[in-house]
Amino acid sequence: MVIIPADLEWRDGLPWSRQFEDIYFSVDNGLAEKRHVFLEGNCLPQRFASMSPGRHFTIAETGFGTGLNFLAAWQLWEQTRVDDAWLHFVSVEMHPLKASDLQQALALWPELAAQASQLLEQYPYLTPGWHRLLFPAARVSLTLLLGEASLMLPDLNADVDAWFLDGFSPDRNPELWQLDILGHTARLGRPGTTAATYTCAGAVKRALESQGFRVERVKGFGRKREMIIAEQQLAGPCSANSLDRPRLHTAGKRLLVVGAGIAGISSARAFARRGWQVTLAEKEDGPGAGASGNPAAIIYPKIAPPHLSAWHFQQQGYLWLRQQVKHLPDIWRETGLLLLLAGNQLREGDKLPGHPWHPELVQRLDAKDASALAGVTLTSDCLHFPQAGFLHPDALYRAWLDDPRIDCRWQTRIDDLQAVENHWLGTTSAGETLAFDAVILANALDARNVIPNLPVYPVRGQISLFPGTPGLSGLKKVLCYGGYVTPAFDGGHCMGASFVPHETDTDIREEDHLHNRHLLKTFVPALAPALPPAAAWQGRASLRAQSQDYQPLVGRAGNRPGLYLNIGHGSKGFCFAPLAAEILAAELNGEPFPVPDRVLKSLHPGRFARREARRQGTALAPS
């Protein structure tokens with residue numbers, strides 16, 4: 001699936017679609033039309049104002065277009081919402097506007113400038129799949145599903161309160177108004193879910209009625225005589241594609257996170273942003289004591305085959321993390337990264353033909369062009385990720401933990417966890433007992449102390465740290481070749497990393513330094529002579545928690561309501577864990593999930609038991 005951006009022309013200052021030969025909004029007053037049809041049509045002013053504190057409201061839309069519906073709903077939300085409530089907006093779009101076109105279109109509505117500027121700041125690259133944008137100050141989220149609605153909507157997992165059935169008119173864009181598409185309005189809704197659309201086409205009315213909606217024709221906007229509003233009468237079969245995981249709507253919002261690596265800190269941040277009181281318990285004396293504590297974290301994705309790109313967790317995790325750190329110069333170093341197509345990585349280049357990512361995200365370079373960018377002679381073609389690089393974990397942790405809702409408990413071991421009625425009791429090594437509504441185990445291999453036989457195993461990794469030399473000073477890009485080496489930072493370089501499964505020793509070993517050096521010498525021979533003598537090297541060794549299928553374990557732990565896992569990230573913790581934390585936050589808060597349903601299933605901790613049950617031909621109770 002390749003995203004083809006909207007093809008616009010401007011007629012009398014208004015955007016017009018060449019693809020659908022139709023205008024994006026009314027020539028009378030586009031914003032007033034949106035408010036009449038979608039906001040008033042779904043009774044949103046009254047429904048927003050009558051919400052209880054701490055609740056949330058979800059709108060789903062077919063056809064994001066210029067984003068005008070979203071911004072109008074956001075503005076109304078800020079004018080009418082109650083404290084501690086959230087608005088979640090989900091929209092599917094096959095032909096999204098390029099950022100420059102979107103900016104021009106939204107400039108027509110200066111009263112929405114505050115919201116528009118924030119949308120434009122986070123507006124994603126037009127890659128197929130799920131894109132989560134978060135605006136925590138306004139308590140608003142936007143989940144953009146870029147691609148064909150027939151492919152995107154079946155994978156949407158959300159509880160929808162109101163539908164904006166937009167897009168171009170049925171005669172211009174009939175695919176968006178087919179019964180199988182409109183069927184998702186019922187699947188994702190429940191009795192009381194509403195829908196509104198500017199069209200009054202009989203086929204649309206009959207389709208909605210066939211899905212259990214009570215449909216009315218009411219006065220349209222401006223010169224349009226009628227439009228449709230609808231209310232769902234029957235419960236939709238939403239669980240048909242869900243993981244059967246009950247979502248907690250807790251009143252106290254007290255969370256215990258065990259472990260202060262990237263998984264635990266990401267989890268604490270995700271919930272604190274949503275108003276939870278988070279206790280972060282770490283057995284060591286500070287954050288990043290384990291595998292998340294290296295001085296540099298290399299950030300890039302392995303790209304998926306083209307046909308899987310829209311559903312690839314690692315790609316989406318990379319884009320999510322970049323969105324979180326790209327404006328933090330003290331944390332993020334956007335040097336770009338070159339993945340050498342040699343050795344075990346030789347076939348990575350085979351995925352690029354037909355891949356839907358824009359060259360601003362990934363491109364193939366021959367050795368000559370790659371060498372010019374790297375500042376060192378390379379002997380193989382490369383994949384260039386211009387917007388990749390590395391970050392400084394310590395600085396990231398300080399920034400993400402700087403929240404009054406996060407209580408960091410260093411040198412605190414949780415010796416006992418007990419489920420008591422509808423909450424959890426955690427007893428610390430100091431004998432203190434604390435009560436929580438939910439618990440997230442983000443403590444890697446130590447999670448096995450609570451849940452034995454978890455399908456994770458240790459992988460030893462050692463990095464090599466050495467001072468800069470004149471011969472290394474020209475290196476401009478992170479190089480990945482089975483190992484990796486960074487450009488200079490803080491007067492030195494980081495090179496890694498060994499990978500020794502089922503090894504638990506964390507002493508610094510000369511053989512691992514030699515391994516790291518050998519990889520560099522093999523794949524970047526021009527750089528090896530510039531390395532300083534081994535006597536100047538230092539190292540750091542730690543254990544990664546790796547799952548059996550190289551995917552993390554994210555979700556509810558077995559049949560234990562309120563106990564969740566965010567572990568098993570292996571060497572991809574910084575790409576995986578922050579988005580995994582958003583998945584858990586969505587689950588516990590009843591939000592639309594930020595990833596496709598099939599990805600949720602591929603990450604769920606119960607997947608191994610389910611696979612074994614299928615292999616043996618036995619049934620397994622939902623978990």
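Which ring does the charged end of Arg 611 sit over? The charged end of Arg 611 sits over the ring of Phe 608, 5.3 Å from its centre.

## Basis of the model

This is a predicted model: local features need pLDDT of at least 70, side-chain atom pairs count only at pLDDT 80 or more, and totals for chains, interfaces and linings use all residues. Residues are numbered from 1 along each chain as its sequence is written, and side-chain values use heavy atoms, with hydrogens and water left out.

## Charges over rings

Arg 611 over Phe 608 is one case. Lys 572 and Tyr 300 give another: the charged end of Lys 572 sits over the Tyr 300 ring, 3.7 Å from the ring centre. The criterion is NZ of Lys or CZ of Arg within 6 Å of the ring centre and within 35 degrees of the ring normal.

## Aromatic pairs

Searching the whole structure gives 17 aromatic pairs. Rings of Phe, Tyr and Trp (its six-membered ring) pair if their centres lie within 6.5 Å; planes under 30 degrees apart are stacked, over 60 edge-to-face, and the rest tilted. One of the pairs is Phe 38 with Phe 164, which is tilted, at 5.1 Å centre to centre and 35° between the planes. This pair links distant parts of the chain: Phe 38 lies in helix 1 (residues 30-40), Phe 164 in strand 8 (residues 162-165), and 126 residues separate them. Helices (H or I, at least four residues) and strands (E, at least two) are DSSP runs, numbered from the N terminus. Phe 38 is buried at 2% relative accessible area. Phe 164 is buried too, at 0%. Buried means under 20% relative accessible area, exposed over 50%, and partly exposed in between (1.4 Å probe, protein chains only).

Trp 74 and Phe 135 form another tilted pair, with ring centres 4.6 Å apart and planes at 40°. Trp 74 is in helix 3 (residues 68-80) and Phe 135 in strand 6 (residues 129-135), 61 residues apart, so this pair also links distant parts of the chain. Trp 74 is buried, with a relative accessible area of 0%. Phe 135 is buried at 3%. Ring pairs join Phe 38, Phe 64, Phe 70, Trp 74, Phe 89, Phe 135 and Phe 164 into a cluster.

## Helix 1 against helix 3

How do helix 1 and helix 3 pack, and at what angle? The angle is about 70°, and the axes are 10 Å apart. Axes are lines fitted to C-alpha atoms, for helices over the stretch in contact, and angles run from 0 to 180 degrees between N-to-C directions. Helix 1 is therefore roughly perpendicular to helix 3. The classes are roughly parallel under 35 degrees, roughly antiparallel over 145, roughly perpendicular from 65 to 115, and oblique for the rest.

Helix 1 contributes Gly 30, Leu 31, Lys 34, Arg 35, Phe 38 and Leu 39 to the contact, and helix 3 contributes Leu 68, Asn 69, Ala 72, Ala 73, Gln 75 and Leu 76. Contact means heavy atoms within 4.5 Å. These residues divide into seven nonpolar, three polar and two charged. Here Ala, Val, Leu, Ile, Met, Phe, Trp, Tyr, Cys and Pro count as nonpolar, Asp, Glu, Lys and Arg as charged, and the others, Gly among them, as polar.

## Buried sites

Thr 197 lies in strand 9 (residues 194-197). Thr 197 is buried, at 1% relative accessible area. Beyond its neighbours within four places in sequence, Thr 197 contacts Val 37, Phe 38, Leu 165, Trp 177, Met 227 and Ile 228. Thr 197 and Trp 163 are 34 residues apart in sequence and 8.6 Å apart in space, C-alpha to C-alpha.

His 392 occupies the loop between strand 19 (389-391) and helix 12 (393-400). His 392 is buried at 15%. Not counting residues up to four places away in sequence, His 392 touches Pro 295, Asp 330, Ile 331, Arg 333 and Phe 489. Glu 591, in the loop between helix 14 (573-589) and helix 15 (597-603), is buried at 2%. Glu 591 and Trp 86 are 505 residues apart in sequence, with 9.1 Å between their C-alpha atoms.

## Backbone geometry

A cis peptide bond joins Gly 496 and Ala 497, with omega about -20°. Asp 12, a residue other than glycine, has a positive phi near 55°. Asp 12 is exposed at 83%. Tyr 550 has a positive phi near 65° and is partly exposed at 45%.
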